Amino acid sequence: MTLLYILLATLIGGLLSVLIAASLTVSLLGRVVKHLVSLSTGVLLGTALLQVLPEAFERDARPQALFITLLGGLLFFFLLEKAELYRHTHHHEGDGHHHHHHFDAEQAGRGGFSVLVGDSIHNFCDGVIIAAAFLADHHLGLATAVAIIAHEIPQEVGDYIVLLNAGFSRSKALLYNAVSGLAAVAGGLLGYFVVGPWQELFPFLLVAASSSFIYVAVADLIPQLQRRLPWRETLAQLGWLGAGLALVTVVVSFSGHH
């Protein structure tokens with residue numbers, strides 16, 4: 001049953017974003033991404049700091065070793081992004097970030113495949129994280145899956161916009177995004193069969209998952225929100241961020257996890 005939960009969570013995370021991208025126009029996607037970034041910031045921080053880390057520290061592992069794992073995880077994702085193997089694409093032309101003309105085409109790389117490779121690695125890591133969380137506790141797995149899906153939607157939509165601006169057709173961009181999303185399923189399977197027997201590693205894997213969530217939120221999402229905006233847009237940001245935190249609380253309460 002646990003394997004089924006892992007497969008469903010990773011499959012939904014990969015395909016839901018593609019379905020959203022397919023159903024909306026590019027201009028509408030650009031407006032939606034802005035709010036989804038705020039929402040996913042709240043979901044990622046809430047899941048990491050209120051759910052996953054407390055669960056890890058309640059298990060039989062030395063706190064100092066867990067903090068070292070957290071620090072190592074943050075540095076690992078920093079270096080992975082430095083190598084352009086762990087991408088978070090939420091921008092698009094005209095998003096207010098003052099990119100020069102054809103910025104997205106350059107970001108997509110020659111043919112756009114650098115975006116897809118980086119995104120596939122990101123999705124694979126997410127799949128392993130989801131598997132580890134479900135193996136530790138089904139309720140924790142649900143909260144973790146919601147956090148990853150909430151972030152996956154704006155990320156995949158952002159990738160889709162970049163690929164369109166790089167010259168991909170709509171159908172080809174959607175197809176490649178869907179294939180990239182399936183890397184999460186591969187990560188989930190690997191996590192289930194390889195990580196499953198090593199129960200003593202679960203606290204460290206949960207901390208590693210938290211380091212991923214915290215890194216994405218602090219290094220990528222929050223800087224996008226730190227722009228001078230009219231007070232109404234600032235309130236909207238806070239509202240969506242608060243909604244993300246509330247979503248984490250609702251999911252955990254609904255699942256009955258304490």
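E152 is buried, at a relative accessible area of 3%. Buried means under 20% relative accessible area, exposed over 50%, and partly exposed in between, with a 1.4 Å probe and protein chains only. E152 sits in helix α6, residues 138-165. Helices (H or I, at least four residues) and strands (E, at least two) are DSSP runs, numbered from the N terminus.

Which residues does E152 contact, leaving aside its neighbours within four places in sequence? They are G13, S17, D119, N123 and D126. Contact means heavy atoms within 4.5 Å. S17 is 135 residues from E152 along the chain, yet their C-alpha atoms are separated by 6.8 Å.

## Model and confidence

This is a predicted model, in which local features need pLDDT of at least 70, side-chain atom pairs count only at pLDDT 80 or more, and totals for chains, interfaces and linings use all residues. Residues are numbered from 1 along each chain as its sequence is written, and side-chain values use heavy atoms, with hydrogens and water left out.

pLDDT is the predictor's confidence in each residue, from 0 to 100. The protein has a mean pLDDT of 80. In all, 83% of its residues reach 70 or more. Among the elements, helix α3 (residues 63-82) has the highest mean pLDDT, 91. Helix α4 (residues 103-107) has the lowest, 48.

Two stretches call for caution. Over residues 90-105, pLDDT stays under 50. The model has 33 contacts beyond four places in sequence for residues 90-105. Over residues 107-111, pLDDT again stays under 50. For residues 107-111 the model has 11 contacts beyond four places in sequence. Where pLDDT is low, the predicted coordinates should not be read in detail.

## Overall layout

The protein has 10 helices and 0 strands. From the N terminus on, the elements run α-α-α-α-α-α-α-α-α-α. Of its 258 residues, 49% count as buried.

How much of the contact set comes from residues 24 or more positions apart? Such pairs account for 83% of the contacts with a separation of 6 or more.

A150 is buried, with a relative accessible area of 11%. Leaving aside neighbours within four places in sequence, A150 is in contact with S40 and V43. A150 and V43 are 107 residues apart in sequence. Their C-alpha atoms are 7.0 Å apart in space.

S38 lies in helix α2, residues 26-58. S38 counts as buried because its relative accessibility is 2%. Not counting residues up to four places away in sequence, S38 touches L225, Q237, W240 and L241.

## L66 in α3

L66 has its place in helix α3. Is L66 buried or exposed? L66 is buried, with a relative accessible area of 0%.

Leaving aside neighbours within four places in sequence, L66 is in contact with A56, F57, A61, P203, F204 and V207. F204 is 138 residues from L66 in sequence. The C-alpha to C-alpha distance between L66 and F204 is 6.2 Å.

## Q224 in α9

Q224 is found in helix α9, residues 202-225. Q224 is buried, with a relative accessible area of 14%. The side chain of Q224 reaches the backbone oxygen of D220 at 3.3 Å. A polar contact is a pair of N or O atoms within 3.5 Å; within protein, one must be able to donate a hydrogen and the other to accept it, and residues adjacent in sequence count only if both atoms are side-chain atoms.

## α7 against α8

Helix α7 (residues 170-181) and helix α8 (residues 183-195) pack at an angle of about 5°. Their axes are 4 Å apart. Axes are lines fitted to C-alpha atoms, for helices over the stretch in contact, and angles run from 0 to 180 degrees between N-to-C directions. α7 and α8 are therefore roughly parallel to each other. Angles under 35 degrees count as roughly parallel, over 145 as roughly antiparallel, 65 to 115 as roughly perpendicular and the rest as oblique.

Where do α7 and α8 meet? V179, S180 and G181 in α7 meet A183, A184 and V185 in α8. By class, this contact has 4 nonpolar, 2 polar and no charged residues. Ala, Val, Leu, Ile, Met, Phe, Trp, Tyr, Cys and Pro count as nonpolar; Asp, Glu, Lys and Arg as charged; the others, Gly among them, as polar.
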